[in-house]
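Dear colleague,

I am passing on the model shown below, followed by some notes on what turned up in it. Please read the notes with the structure open beside them.

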Amino acid sequence: MKERSNIVIDQSWYEKPDGIAERFSCGGVVCRVNESEEILILLTFEKDDRCFVLPKGGKEIGELDLDTAIREVGEEAGINDLTLLADLGNLQRLSFAKNAWSNTHFFLFYTQQINGTPTDEEHFHKPSWFSLEDNNPYFWPDQKDLIKNNRHRITDLILKHHRQNLCLGEGLERR
């Protein structure tokens, strides 16, 4: 159980009530590698004090899941230099207002971009980088579990891609 701002996130958030509307969204697990080869993950802090969450949001009509994820990362974190590495699957739970069943498809992205300016004008998002190993900042337990359950896969894919980029970059500089 997790409590923030008098909100308790317990198992009831993960039990779908009969007859509730469904909402489809997509988001990104965005990672970069710092100078020490530590993997950092991007989370956004929302103004209503929900603490840190993975950037994600609702699909627009006719939009592909991957396009939604890329758009939402850009809107909520201002990070637009993204390389798709993997599909991390779906999470399901009640929405924050508990008025819809949220189905969220997450993708793993690599970036070298450190800072960005969020463009979502309806909400204030403060993007921040955390160690991939840090289990503390997540508001939603399902997002924390997504990272924890995929940590080795994320680490392998991010470091492999990062090292390939370094080799390519070094090869270009030497020419």
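F96 is partly exposed, at 27% relative accessibility, where buried means under 20% relative accessible area, exposed over 50% and partly exposed in between, with a 1.4 Å probe and protein chains only. This is a predicted model, in which local features need pLDDT of at least 70 and side-chain atom pairs count only at pLDDT 80 or more, whereas totals for chains, interfaces and linings use all residues. Residues are numbered from 1 along each chain as its sequence is written, and side-chain values use heavy atoms, with hydrogens and water left out.

F96 pairs with F139 in a tilted arrangement, 6.3 Å centre to centre and with 55 degrees between the planes; rings of Phe, Tyr and Trp (its six-membered ring) pair if their centres lie within 6.5 Å, and planes under 30 degrees apart count as stacked, over 60 as edge-to-face and the rest as tilted. The pair links distant parts of the chain, since F96 sits in the loop between β7 and β8 and F139 in the loop between β9 (125-131) and α2, 43 residues apart; helices (H or I, at least four residues) and strands (E, at least two) are DSSP runs numbered from the N terminus. F139 is buried at 1% relative accessibility, and its ring also pairs with that of W140, edge-to-face because the centres are 4.9 Å apart and the planes at 85 degrees. W140 is buried too, at 2%, and ring pairs join W13, F96, F139 and W140 into a cluster.

R93 lies over the face of W140, at 3.5 Å from the ring centre, the criterion being NZ of Lys or CZ of Arg within 6 Å of the ring centre and within 35 degrees of the ring normal. R32 lies over the face of W129, at 4.7 Å from the ring centre.

E37, in the loop between β3 and β4, has a positive phi of about 65 degrees although it is not a glycine.  K98, in the loop between β7 and β8, likewise has a positive phi, near 60 degrees.

Best regards
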